[in-house]
Amino acid sequence: MKLLTETMNTNMIKCHGNIQITLEDDINVPDTKPDIDAVIKEHSCLEVTDIKCEQDKCILKGQLLFTLLYSSRDDIRPIHSMDGKLPFEETIHLDGLQNTDDVFCNSDLEDCQIQLIHSRKISVRAIAGFQCIAEQETAYAAGIDILSDDAARTGMESVPSTGLHKCFDTVTYTRSTPRQRDILRIKDELTLPKGKPDIDTVLYYELTPRNLQTRLLEDNIRVTGDLHVFLLYVPSDEERRTECLETETSIDSIIPCSQCSEQMIPDIVFQPQCSLLEAKADEDGEQRILEIDLSMNVTMKFYEDVQLQILKDAYSTACELSLIKKPADFEQLLLKTQNVVRVSEQIKTDDKQEQILQICTASGKVQIDEQDIVENGISLEGVVELDILYITENDEKPLECLKGMIPFQHFMEVKDISPQDHYLLQTDISQISVIMLDSTEIEAKVVINISTLVFSASSKNVVDTIKEEPQDLERLQKMPGIVGFIAGEKSSLWEIAKEYQTSPESIMELNGLTSDEIHPGDRLLLAKQVDGL
């Protein structure tokens, strides 16, 4: 007889590690830039440029990129900006990692502060977190059927095997594709509204993707959303010192991906990297066109539930048949859910800050401080950190930044989740609304998207090999030809037939049963069945 098998494929985490580092340095103001009087606002991001795998560790190389917006008294124009970077190289310990493995890294800039040392030097201090994982493909050969020798030779599964009896079970597991990476580039052109003056110099800008949604197509991923654009510039009209523009443009892009299909469940992480905004001339030669270029690292993994009928047990009345089983470990996707959390807070300026004349823009990030698996769900606590850039009435210090924090708590309902399960969590801000209440206070409303994938670890014993030997004639001779049997509480027709060298069909026929269901106390007549002699 021949065992038919089917491979259960899944990609499991081989090793993972987290590290939190502090990046700090003192940086001089470039000679081409005027002195710094006060720091207004900073915009920063982490860029991982290289990941090198070695035995039990990986080495990360990259840089912290930042743009500083500041005020100066040493120039006709009071607002200026400067760019800078802090390179880093860090080692993360990963047990079991080999130099042939592929490591995926998620980075999170938890905090970045830029302080003034003196007018020509600043201090940059940032806290960065890195989460690295390496995966390995795991394959289990699970027995799904047993064929007779004649069926195996002819390739016809319908050829029966004398005296062979089989029962089957169904296992559901989540099959995952290998994690892969790509780069999504968003390029667009915007035109200044008619009421805005021409651009002379770009001072500062922020390009922030929001409301990113993905839809799986056959061999493609469609990405839609909004790109929030904020621009601060010096107009060509000398009567106006600075001008700002806040607008949005739509995102609609396609990422080729040969491993995905519409039925799969995606786990896609976007990490914005370097961005570029440049002004260029229109048909009239006026600097009114904004050329936008934003790159995002994309990490992708896809899941699908698979139902597989496997061989649960088998025996033969024509030979001694043994089944050797081994455990197969796999994951089951319990739930994918998306939650929307709305928070709001009133934020006031302090005594040292200028009063608010007009709000320019607001940006923010979500920081999760506590997360725990509780009964039937996941409990989250965190804050939304906000930066509100506004115009003041002071011509010497025309811009200020108001910082605020909005705490929140949220319960994500996940029925039957247990502490042994694990989950993948993503948060982002889909909308920020800021209303000026008076010259010292604003009201901020923020909409947060929280999505999660919850997995449960499972194991199943599957048939790995079978062993066929001749009948044990001595055992058969000791067995009675006919025996009476009284069913117990946990008796099944299959187990009775296997123990007493007969078949379920024979028991049903001999006892006039119309189904294989038996009850405690049922009296059955069993007749020994021997085939192949």
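How many positive and negative side chains does the protein have, and how far apart do the centres of the two sets lie? I found 50 positive and 97 negative side chains, with the two centres 3 Å apart. For this entry Lys and Arg counted as positive and Asp and Glu as negative, while His and the chain ends were not counted. Each charge was placed at NZ of Lys, CZ of Arg, CG of Asp or CD of Glu.

**Basis of the entries.** I worked from a predicted model, in which local features need pLDDT of at least 70 and side-chain atom pairs count only at pLDDT 80 or more, whereas totals for chains, interfaces and linings use all residues. Residues are numbered from 1 along each chain as its sequence is written, and side-chain values use heavy atoms, with hydrogens and water left out.

**Overall form.** I noted four helices and 21 strands; these are DSSP runs numbered from the N terminus (helices H or I, at least four residues; strands E, at least two). The radius of gyration is 34 Å, well over the 24 Å that the globule rule gives for 533 residues, so the protein is more spread out than a compact globule. That radius is taken over C-alpha atoms, and the rule is 2.2 Å times the number of residues to the power 0.38. Along its principal axes, the C-alpha trace spans about 110 × 45 × 45 Å.

**Nonpolar cores.** I looked next for nonpolar cores, meaning sets of buried Ala, Val, Leu, Ile, Met, Phe, Trp, Tyr and Cys residues joined through side-chain atoms within 4.5 Å. Buried means under 20% relative accessible area, exposed over 50%, and partly exposed in between (1.4 Å probe, protein chains only). The largest core holds 32 residues, and L64, I122 and F130 have the most contacts inside it. Strand β6 (121-147) is among the elements that give it two or more residues, and β6 supplies the largest share, seven residues. A second, separate core of 29 residues includes L216 and F270.

**I19.** I located I19 in strand β1. I19 lies 111 residues from F130 in sequence, yet their C-alpha atoms are 5.4 Å apart. Beyond its neighbours within four places in sequence, I19 is in contact (heavy atoms within 4.5 Å) with residues including E90, I92 and F130.

**Two positive phi values.** I recorded phi near 60 degrees for N376, which lies in the loop between β15 and β16. Q501 has phi near 55 degrees and lies in the loop between α3 and α4. Which of these is buried, and which partly exposed? N376 is partly exposed at 32% relative accessible area, whereas Q501 is buried at 5%.
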